[in-house]
Amino acid sequence: QVQLVESGGGLVQAGGSLRVSCAASGRTFSMYAMGWFRQAPGKEREFVAGISQSGSNTGYIDSVKGRFTISRDNAKTTVYLQMSSLKPEDTAVYYCAASSLYYYTGDVSYDSSRYNYWGQGTQVTVSS
């Protein structure tokens, strides 16, 4: 099992950058595929980015591709989402999730059944 804690959210101006982090407990972090998800008020939760256990495979939804970068440091048991050129429509609660059931190969569709551990979320607000 693993526990996930997000941090790094906050208020940023449009066009700015922000990095959110997800710290994981447990000695088996390197065995989990990791993903970032977000949910804005009144909208459905959506997949944002995913990364395979070793970090060799990554994937992004079209709206963030080229602006966001997902990475992981297995030694620190942490996954990151570096966000740049932020837009007001990026405003949402950002969640990280872990999967011990799935090897991430680049799929950008949302399938919550693939992820069996979730963090509490961190708020990201982009002002215009």
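The report below describes a predicted model, topic by topic.

## The nonpolar core

The largest nonpolar core has 37 residues, and those with the most contacts inside it are Met34, Trp36, Phe68, Leu81 and Met83. Two or more residues are given to this core by each of strand 3 (18–24), strand 4 (33–39), strand 5 (46–51), strand 7 (68–73), strand 8 (78–83), strand 9 (92–99) and strand 11 (122–127). Strand 9 gives the most, with five residues.

Leucine 81 shows how these parts come together: leaving aside residues up to four places away in sequence, Leu81 touches Leu18, Arg19, Val20, Trp36, Val48, Ala49, Phe68, Thr69, Ile70 and Tyr94.

## Strand 9 and its partners

Because seven of its eight residues are buried, strand 9 is largely enclosed by the rest of the structure. Strand 9 pairs with strand 4 in the antiparallel sense over seven bridges, and within this pairing the partner of tryptophan 36 is cysteine 96 of strand 9.

Strand 9 also pairs in the antiparallel sense with strand 11, over three bridges, where valine 93 has glutamine 123 of strand 11 as its bridge partner.

## The enclosed cavity

Rolling a probe the size of a water molecule over the atoms shows where empty space is left. In this model the count comes to one cavity of 30 Å³ or more, and the space in the largest cavity is about 30 Å³.

The lining of the largest cavity is formed by Phe47, Tyr102, Tyr104, Asp107, Ser109, Asp111, Arg114 and Tyr115. By class, these lining residues divide into four nonpolar, one polar and three charged.

## Backbone angles in two loops

Most residues other than glycine have a negative phi. Threonine 77, although it is not a glycine, has a positive phi of about 50 degrees, and this residue lies in the loop between strand 7 and strand 8.

Serine 85 likewise has a positive phi of about 50 degrees without being a glycine, and its place is in the loop between strand 8 and strand 9. With a relative accessibility of 40%, serine 85 counts as partly exposed, because that class covers values between the 20% limit for buried and the 50% limit for exposed residues.

Technical notes. Residues numbered from 1 in each chain as written. Predicted model: local features only at pLDDT ≥ 70, side-chain atom pairs only at ≥ 80, totals over all residues. Heavy atoms only, no water. 1 Å grid on protein atoms, 1.4 Å probe; cavity = no way out; pocket = protein on both sides within 12 Å on 5 of 7 lines; lining within 4 Å. Points joined across faces, edges and corners; volume = space filled by probe spheres on them. Nonpolar A, V, L, I, M, F, W, Y, C, P; charged D, E, K, R; others polar. Core = buried A, V, L, I, M, F, W, Y, C linked by side-chain atoms within 4.5 Å. Buried < 20%, exposed > 50% of the residue type's maximum accessible area, 1.4 Å probe, protein only. Helix = DSSP H or I, 4+ residues; strand = E, 2+ residues; numbered from the N terminus. Contact = heavy atoms within 4.5 Å. Pairing = 2+ DSSP bridges.
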